[in-house]
Amino acid sequence: MRLPPCLLLALIAMSALVSPSFAAVGIGTAQAVKKDVIGTVETQERKIGEGDPVYQNEQIQTLAGSEGEFIFQDDTKLAVG
């Protein structure tokens, strides 16, 4: 099956727009968040809230007076802050 050239170009363009967080693999969940907890995947930074996914290779940072509790798919629990 051969794709029309315009459809092929559209698919290539759309794949370039996918952000790293959408491409990253989810490995856990934020169970509790107090104040400002920041997650960074590659160069994309986001504020993490309770119930948000945590991604593979994501760096998690807590700002002053902040705390985060996370549970991973293998039932490992992590508290930071």
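E58 is buried, its relative accessible area being 11%. This briefing concerns a predicted model, in which the protein chain has an average pLDDT of 83.

**Confidence of the model**

- A pLDDT of at least 70 is reached by 72% of the residues in the protein chain.
- Where pLDDT is low, the predicted coordinates should not be read in detail.

**The open sheet**

- The strands of a sheet pair through backbone hydrogen bonds, in either a parallel or an antiparallel manner.
- In this model, three strands make up an open sheet with antiparallel pairing, and their order is β3-β2-β5.
- β3 (44-47) and β5 are the edge strands, each of which pairs on one side only.
- From one strand to the next, the twist averages 25°.
- Four bridges join β2 and β5 in the antiparallel sense, and T40 stands opposite Q59 in β5.
- Four bridges also join β2 and β3, again in the antiparallel sense, and G39 has R46 in β3 as its bridge partner.
- The hairpin of β2 and β3 has two residues between the strands.

**E58, a buried loop residue**

- E58 is located in the loop between β4 (53-55) and β5 (59-62).
- Residues count as buried when their relative accessible area is under 20%. At 11%, E58 is therefore buried.
- The E58 side chain reaches the backbone nitrogen of Y55 at a distance of 2.9 Å.
- Apart from neighbours within four places in sequence, the residues in contact with E58 are G39, T40, V41, R46, I48 and P53. Among these contacts, G39 and R46 are the bridge partners already named for β2 and β3.

- S66 is placed in the loop between β5 and β6 (67-72).
- The relative accessibility of S66 is 3%, so this residue counts as buried.
- The side chain of S66 reaches the backbone nitrogen of D36 at 2.9 Å.
- Once neighbours within four places in sequence are set aside, S66 is in contact with K34, K35, D36, V80 and G81.

**Residues with a positive phi**

- Most residues other than glycine have a negative phi.
- K35, which is not glycine, has a positive phi near 65°. K35 belongs to the loop between β1 (26-34) and β2 (37-41).
- The relative accessible area of K35 is 55%, and K35 is therefore exposed. K35 is also one of the residues in contact with S66.
- N57 likewise is a residue other than glycine with a positive phi, near 65°. N57 is situated in the loop between β4 and β5.
- E42, in the hairpin of β2 and β3, has a positive phi near 55°.

Technical notes
Residues are numbered from 1 along each chain as its sequence is written. This is a predicted model: local features need pLDDT of at least 70, side-chain atom pairs count only at pLDDT 80 or more; totals for chains, interfaces and linings use all residues. Side-chain values use heavy atoms; hydrogens and water are left out. Buried means under 20% relative accessible area, exposed over 50%, partly exposed in between (1.4 Å probe, protein chains only). A polar contact is a pair of N or O atoms within 3.5 Å; within protein, one must be able to donate a hydrogen and the other to accept it, and residues adjacent in sequence count only if both atoms are side-chain atoms. Contact means heavy atoms within 4.5 Å. Two strands pair if DSSP finds at least two bridges between them. Axes are lines fitted to C-alpha atoms, for helices over the stretch in contact, and angles run from 0 to 180 degrees between N-to-C directions. pLDDT is the predictor's confidence in each residue, from 0 to 100.
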